[in-house]
Structure formats: C-alpha cells, structure tokens
Amino acid sequence: MAHRVKLIVGILLAAAGLSSQTVSQPAFDAAVVRPVHDDTQTWAIRQVTATRYRSLSNVMQLVTWAWQMKNYQILGAPAWTSEERFEIQATPGHSSTTDEQRLMLQELLMERFGLKVHTERREMAVYVLVTGKDGPKLGTPKENTDPGHRGINIESGVLIARSGTMDDFVGVLTTNLDRPVLNQTNLNGKYDFTLTWDQLPANGAQWSPIGPALFTPIRELGLRLDSAKAPVETLVIDAVERPTEP
C-alpha cells in the first residue's frame, strides 16, 4: 500500500513538473522596436487596444507600466533607461486585455532589451499620510457626480478630488514628492476635496513634480505627512541592454 501511495505521489509530481514547464509567458505575435532620435518629449505616449500595442517611451516608463510599479520601486537602472526613448509597435495576435499586454511587454523587454530582474523588499525613506489631531476635513461625494469626472485631477496650482480614495491620493502624492507615500489614515471611504498652492510659471512642455508646496494644503485638510522608514516592494534590474532587432 505504501509503495502504491509513493507511486501515485510520484506521478502527480511528475505531471505538475511537466505542467510548469509547458506554461509560458504571454508574448506579442509580432513587434517592432526602434530608437527615437532627437526627441525632447518627456511624456510617455501609450495606445493599448485589444489587438494593438503602441508606445513611445523610455525603458523606465516601459518597466513601470509593465510591472505596475512606481519609479522609486525600480532599482539599478542605468541612466540611459530614463534618457533614451523607443517606439514599440506590437500586435498580440488575438484579442487581449491590458493586463495580458503588460505581461507581453515584460516578455518583449526580456527578449529585445535583455532585461533581467528580481524583486526585493527594501527599507527606504517614505512619507506616511495620517490624520491630524483634529480629524480630517473631507467632503462627502455628490451623488450626481459624472463618472467621467470621478477620481483625482491636477490643474495649475489646484488638485481636485471627486469621489477620491486615500489610496488614490497617496498615488498622486508619490508622483509629486521625493519619496513614496503610504496611506495610514484608516480612511476607507470616498471623498470630495480640493487643494490649492502657489504654482510656479510653467516650463514649456516639461513636467515637474509639485514638491513641498503640497505640505501646507494637506494640513488644511486635517491630514499630515510624517517622515518614516518602511519596507517597500522593489524591482531590481540585474541587466538591461539597448535593443536589437531579431
């Protein structure tokens, strides 16, 4: 009986091993990658449909989109990955979701750019968003808010939240401050609120983070940013090369 159990377990393990070997990462059916020269544009251009992917981005922008991470989570990237841009035009070969195309882009980066990565949790300087001693001063969302206007939007010197969550808010703050922002408010609802600050004159098409100007209006909302250290999930780049056509 014991011998029979071992035999069955062995068969199951062998089948599991065979299954793991046959599962592969989704990949684009066809893809063209070319460097873009004499380009000063800083914004990433990305068009994703069910049957087509196109982007005009640097490698850091490609990696953060493909792995759904922020810049501060990507470690070990050489300078050129933020400076040089590449146009990618690819087709999945079948109708695919955005999440599937993220995996396809991961595969393309590994194949064409020689990208090798691993994940680590590293302790780093962060801000934690907490409630002030007198509690938050956030508005209740209006029931008739147009769904297309919900979320958080930034214009010149103004941040407007309509049915925005604190997780949405810390995502925006992380993009506009010098370190990650973690949500420790224990506020789980959706809120309406507005922040205003003194906006410096625009520098052409160049985008720049808002920075410390946010601290005072955040306190006026009954919230506060405290400095701290915390473990953060990171993606470490072990190797990456400029792409070559197959």
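## Overall composition

The protein contains 6 helices and 11 strands. The structure is a predicted model. Of its 246 residues, 38% count as buried. The protein exposes about 14,800 Å², and 51% of that area is supplied by carbon and sulfur atoms.

Contacts across the sequence are described as follows. Where the residues in contact are at least 6 apart in sequence, 79% of the contacts join residues at least 24 apart.

## Confidence of the model

The mean pLDDT of the protein is 84, and 81% of the residues reach 70 or more. Confidence is highest in helix α4 (residues 98-112), at a mean of 96. It is lowest in helix α1 (residues 2-22), where the mean is 42.

Over residues 1-23, pLDDT stays under 50. For this stretch the model has 0 contacts beyond four places in sequence.

The buried residues are Val59, Met60, Gln61, Leu62, Val63, Thr64, Trp65, Ala66 and Trp67. Buried here denotes under 20% relative accessible area.

At the start of α2, Asn58 places a side-chain oxygen within 3.1 Å of the backbone nitrogen of Met60. Met60 is itself one of the buried residues of the helix. Just after α2, Gln68 adopts a positive phi of about 55°.

Definitions and conventions:
Residues are numbered from 1 along each chain as its sequence is written. This is a predicted model: local features need pLDDT of at least 70, side-chain atom pairs count only at pLDDT 80 or more; totals for chains, interfaces and linings use all residues. Side-chain values use heavy atoms; hydrogens and water are left out. Buried means under 20% relative accessible area, exposed over 50%, partly exposed in between (1.4 Å probe, protein chains only). Helices (H or I, at least four residues) and strands (E, at least two) are DSSP runs, numbered from the N terminus. A polar contact is a pair of N or O atoms within 3.5 Å; within protein, one must be able to donate a hydrogen and the other to accept it, and residues adjacent in sequence count only if both atoms are side-chain atoms. Contact means heavy atoms within 4.5 Å. Accessible areas come from the Shrake-Rupley method with a 1.4 Å probe; for residues, only the protein chains shown count as cover. pLDDT is the predictor's confidence in each residue, from 0 to 100.
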